[in-house]
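Biologist: I'd like to go through this model and ask where its labels come from. Can we put it on the screen and start?

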Amino acid sequence: MSVTPAQAYRSRWGYLFVAPAAVLLLTFLVAPLCYAVAISFTNRVAVPTPRLPTQFVGLDNYRELVADPDFRTAILHNLLFTIIVVPLQTGLALGLALLVNLRLRGHALFRTAYFIPIAVPLSVAGLIWKLILDENQGRPGILTEVLSTLTAGAVTPHWLADTHWTQVAVVLVSLWSSVGFQMVILLAALQAVPRELHEAAMLDGAGAWRRLWAVTIPGIRPQLFFVTTTTAVLSFRLFDQVYVLPTSPGGPQGATTTLMLYIVRLSQENGPASRVGLAAAATVIFLVIVLLVSLLQRRLEPKD
Amino acid sequence: MLLLAAGFIAPILIMVVGAGKPSSQVFGAGWRSFDPQGFPWLRKNLEAAWTGSANLSFPSAMLNSLIISSSIVVFGLGVNSLAGYALARIRFRGRRIVLAVVIALVIVPFESIALPLLVMLAQPVAGHRLTDSLLAQVLPFVAQPLYIYLFYSFFKGIPLEFEEAAQLDGAGVLRTFVSVIVPLAGPAYASSAILTFLYSWGQFLWPVMVTAASPDLQPLPLGLLNYVGTTPNWGGFYAYATLMVIPVVLVFLLFQRWFVQGVASTGIKG
């Protein structure tokens, strides 16, 4: 293929257009990625000193992590959170989308209501919910008060003192914060399902339930799939909520420690002597998990 | 449905109402009290929140957040759309490889590189280190593989005729891009701007890591956390949260239509 001067001129613009993004991505994404892998095989600390020089330690960091019960619990929490949140959140998002799609009077208002929490940063949401749930000087938070009034005192959870209730609270806050986002994606998909399909199914005598399974769900399968997989990946990144919501980050008694929290703690807890190499190894494991989930997603992705 | 919707809005209402209460009324049976005389408390709480913590007042945290978020949005739109356009429309050697790398990078979450990036930035270059600066809170988020890809797929969908007409008129590559392509790509710009803004506005993990030694450079979410840490004034907390959230909610309501379209299109593109 011979290159005309005009084409050469155009391709120069191509490089120019891509250059800023390429430089930034290489510096702030690709380089740290490679760097993480590199230092995960060393005993590097945050600020190396002559007394603590950085040395190659092979797979020691990985071995230490696998043997660390705290690390395993953190991963377990992420898995548990994922298993619980993915179906709950997808189901709730679908339910809300179907409700809004009924186009009852005021449906735009409802859509807005489900959607508004997106404008509240996760960390702030965590703090607001903390006040709603937490107790203070013996007085329960608002939700507890309402719950116990409604059930005549039968249900009075000590949300943030109890390990299980704290986990429930983390799930609750996560749902509140992000279900609206998924609802909107599904709602757009629902509205793209051809009306004729529904009408045809109705003529065939299919009830509402039947139509949901036979027409609606297959019609929005790609988006449903997208929602589940992004929720799965996002739930592995869980950090803000477990940092601000519990009485102490990751508490009580480590009940809400997640992988990200574990990594951040490792990299900060000992100041300049923090074991960054070890944290980098944990980071690499985190990345591998996310990559596996994404690969699985590619594998399972419905192709039209 | 009404109940559900009420449940979703309740926390925000509680926050706003709480901003007008003394701390002692925020908990327990206090929720039932709505003091019509609460106005002095609202003022008191707002003033306390405005003052913020010793290291960071509300206005300076707001300024930090505004500088960080708007720089990320403005530079991000430029950088990502230029790259997306080049990948979609300009032939140059290595284009396919660049595109493949960008798509692969979409799945790398920022969280996974936060730590190594921090270690990299903490090393002084020519006597300066990038940690504890506003720049360190902006630069890593400007170029985003996801948005490059979003722009790429959007530009691919624009019919070639528009550009050919411009070229016949003698417009160069840059002129064509600025005067023909950009005006056509309004929805792509709007949705990536809104999504980027919300994401950067709520940033928490990275500021926690990179501004550990410089509380005066922290954005609003950390300002709020510091404020709560220094004074257990819960009415003041609600006031702080209200000051921080309500402007965004209002802007968000104004642009809701665009936002819904934007979210919907990211979902469809996968």
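Biologist: What makes Asp132(B) count as partly exposed?

Modeller: Keep in mind that this is a predicted model. Asp132(B) has 18 C-beta neighbours inside 10 Å. Buried needs 20 or more and exposed needs 12 or fewer, so Asp132(B) counts as partly exposed.

Biologist: Where does Asp132(B) sit, and what is its phi?

Modeller: Asp132(B) is in the loop between helix H5 (110–122) and helix H6 (135–138) of chain B. Its phi is near 55°, a positive value in a residue other than glycine. Most residues other than glycine have a negative phi.

Biologist: How do you know whether Trp206(B) is buried or partly exposed?

Modeller: Trp206(B) has 19 other C-beta atoms within 10 Å, and the cut-off for buried is 20 or more, so Trp206(B) is partly exposed. Trp206(B) belongs to helix H11 (residues 205–210) of chain B. Leaving aside neighbours within four places in sequence, its contacts are Ala114(B) and Gln137(B).

Biologist: What makes H3(B) oblique to H7(B)?

Modeller: Helix H3 (residues 58–89) and helix H7 (residues 145–156) of chain B pack at an angle of about 50°, with their axes 7 Å apart. Roughly parallel would need under 35 degrees, and roughly perpendicular runs from 65 to 115, so H3(B) is oblique to H7(B). Their crossing is right-handed. Residues making the contact include Gly76(B), Asn80(B) and Gly84(B) of H3(B), and Tyr147(B), Phe151(B) and Phe155(B) of H7(B). By class, the contact has 9 nonpolar, 4 polar and 2 charged residues.

Biologist: And why are H8(A) and H9(A) called roughly antiparallel?

Modeller: The axes of helix H8 (residues 195–203) and helix H9 (residues 208–219) of chain A come within 10 Å and cross at roughly 165°. Over 145 degrees counts as roughly antiparallel, so that is the label for H8(A) and H9(A). This crossing is right-handed. Leu197(A), His198(A) and Ala201(A) of H8(A) meet Arg211(A), Ala214(A), Val215(A) and Gly219(A) of H9(A). That contact divides into 4 nonpolar, 2 polar and 1 charged.

Biologist: Which residues touch the most other members of the largest nonpolar core?

Modeller: Leu186(A), Ile263(A), Ala282(A), Leu224(B) and Ala241(B), in a core of 156 residues. H3(B) gives the largest share of this core, 12 residues. Leaving aside neighbours within four places in sequence, Leu224(B) is in contact with Val124(A), Leu127(A), Tyr240(B), Ala241(B) and Met244(B).

Biologist: How many residues of each chain are in contact with the other?

Modeller: 71 residues of chain A are in contact with 70 residues of chain B. On the chain A side, helix H1 (residues 5–39) gives the most, with 21 residues. By class, that side has 54 nonpolar, 11 polar and 6 charged residues.

Definitions and conventions. Residues are numbered from 1 along each chain as its sequence is written. Chains are lettered from A and ligands numbered from 1 in the order in which they are written. This is a predicted model: local features need pLDDT of at least 70, side-chain atom pairs count only at pLDDT 80 or more; totals for chains, interfaces and linings use all residues. Two residues are in contact if their C-beta atoms, placed from the backbone, lie within 7 Å. Helices (H or I, at least four residues) and strands (E, at least two) are DSSP runs, numbered from the N terminus. Ala, Val, Leu, Ile, Met, Phe, Trp, Tyr, Cys and Pro count as nonpolar, Asp, Glu, Lys and Arg as charged, and the others, Gly among them, as polar. Axes are lines fitted to C-alpha atoms, for helices over the stretch in contact, and angles run from 0 to 180 degrees between N-to-C directions. A crossing is left-handed if the near helix is turned anticlockwise from the far one by less than a right angle, and right-handed if clockwise. A nonpolar core is a set of buried Ala, Val, Leu, Ile, Met, Phe, Trp, Tyr and Cys residues joined through C-beta atoms within 7 Å.
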